[in-house]
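Let's take a friendly look at this model together. The report covers a pocket and a pair of packed helices.

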Amino acid sequence: MITQQIDNLILPKSIVEYAREAGLTNLAENHSYLGCSKALEDLLLKHILPNANYSPEEYGLMELRKAISAKTSRLYDYDYNPLEEVTITAGVKQSVFASILALLKEGDEVIIFEPAHKSYDSAIKITGARAIYVALKGPDFKVDWEDVQKVITSHTRMIIINSPHFPTGSVLSELDMIRLQKIINGTKIIILSDESFEHVVFDGEMHQSIALYPALRERSVIISSFNETLNIPHWHIGYCMATEKLMCEIRKVLAIVGEGINLPYQMAVAEHLLHDFNYNSQSTFYQNKRDLFLKVIEDSNIKAVPSKGTYFQIISVKNATEKNDVELAQRLMRENMLATIPISAYYHENSKKKFLRLNLSVPDEVIMDAATKLKSL
């Protein structure tokens with residue numbers, strides 16, 4: 001019965017739910033296992049009782065919008081106007097959906113780099129637009145900009161980028177941003193830039209935000225959240241930033257599909273950002289976990305291109321007997337009590353790839369246990 005149940009597990013959500021119920025070593029979650037700081041918890045308790053029944057401002061608490069603008073200015077040397085160009089949303093997904101619904105129409109084409117989060121594709125289909133898929137090139141999941149140039153047409157309305165990348169952990173370089181700028185020059189293409197993991201970049205590299213590039217910034221929407229930065233994935237406090245012209249269209253959608261984020265949560269985050277917050281601490285923390293995992297598997301048949309950001313690590317097991325990564329993930333659950341996510345779940349077509357995604361935000365002893373189990377393959 002257990003074997004039959006595992007054999008039916010294909011989607012990431014079903015794998016995660018089974019891993020929780022069965023008590024597996026769980027490296028399959030989409031979010032960090034960490035909790036937020038005690039200081040942030042105390043701030044929430046401070047604000048929640050006196051403000052629980054107050055309505056938030058329509059496009060987000062102004063103090064929080066100002067804090068986001070100040071952070072962006074400090075890190076990327078550009079000031080988004082908190083009144084007209086910064087909007088608080090119910091997490092990244094709402095920012096994605098609102099931006100796509102506001103800026104696309106039937107017949108438009110949108111370039112997506114695969115593997116990719118399923119929310120992009122779902123939102124595009126609702127508008128009647130068409131997703132054009134460009135696969136990231138292995139083994140390090142980089143963009144081949146010549147492939148991108150080949151699929152640009154007069155119908156191309158948007159390119160969605162995501163760096164650091166979910167789910168591979170790759171990052172876009174300065175050269176990538178220059179190539180992107182060159183490709184959209186002379187077009188009306190809009191960039192939707194998912195920068196959710198902007199503060200989790202490894203090896204001393206700098207996150208290449210759209211905000212750093214004036215020619216890109218003027219025709220882009222940046223979406224992000226505090227899920228990863230503050231370890232609050234279930235608070236659902238996201239935000240988007242764009243020029244007033246683009247934001248005006250996005251807010252028309254948000255006025256219909258949302259009623260604001262719970263005020264005490266916004267107040268707690270806004271006050272927390274006033275402190276001298278070390279945005280680099282997350283990078284060091286997760287890089288140490290990545291390095292620990294790579295050290296344990298270095299003398300095995302497991303191949304891994306070191307993640308450049310996020311808390312995800314992709315591994316390749318080409319010598320496994322299974323036909324694809326779904327079968328391999330099922331085998332690991334059945335024989336090794338280890339839950340991982342097959343990378344093929346993030347492609348629009350079935351594939352025979354043998355890549356697995358691991359979430360390394362777990363305690364070090366869990367990483368070592370999982371790495372030892374993987375070495376037995």
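## The largest pocket

Which helix gives the most to the lining of the largest pocket? Helix 2 does, with five residues. This is a predicted model, in which local features need pLDDT of at least 70 and side-chain atom pairs count only at pLDDT 80 or more, while totals for chains, interfaces and linings use all residues. Residues are numbered from 1 along each chain as its sequence is written, and side-chain values use heavy atoms, leaving out hydrogens and water.

The largest pocket holds about 1200 Å³ of space. (A pocket is an open set of points on a 1 Å grid over the protein atoms alone, where a 1.4 Å probe fits, with protein on both sides within 12 Å along at least five of seven lines; lining residues have an atom within 4 Å of a point.) Among its 44 lining residues, N30, K93, H117, F166 and Y346 are the closest to the centre. By class, the lining has 16 nonpolar, 18 polar and ten charged residues.

## Helix 13 against helix 15

Helix 13 (residues 281–297) packs on helix 15 (residues 364–375) at an angle of about 30°, with the axes 9 Å apart. The two helices are therefore roughly parallel to each other (angles under 35 degrees count as such). Their crossing is right-handed.

Where do they touch? Helix 13 brings K289, L292, F293, V296 and I297 to meet residues of helix 15 including I367, M368 and L374 (contact means heavy atoms within 4.5 Å). This contact has eight nonpolar, one polar and three charged residues.

How values were computed
Grid points are joined across faces, edges and corners, and a volume is the space filled by probe spheres set on the points. Helices (H or I, at least four residues) and strands (E, at least two) are DSSP runs, numbered from the N terminus. Ala, Val, Leu, Ile, Met, Phe, Trp, Tyr, Cys and Pro count as nonpolar, Asp, Glu, Lys and Arg as charged, and the others, Gly among them, as polar. Axes are lines fitted to C-alpha atoms, for helices over the stretch in contact, and angles run from 0 to 180 degrees between N-to-C directions. Angles under 35 degrees count as roughly parallel, over 145 as roughly antiparallel, 65 to 115 as roughly perpendicular and the rest as oblique. A crossing is left-handed if the near helix is turned anticlockwise from the far one by less than a right angle, and right-handed if clockwise.
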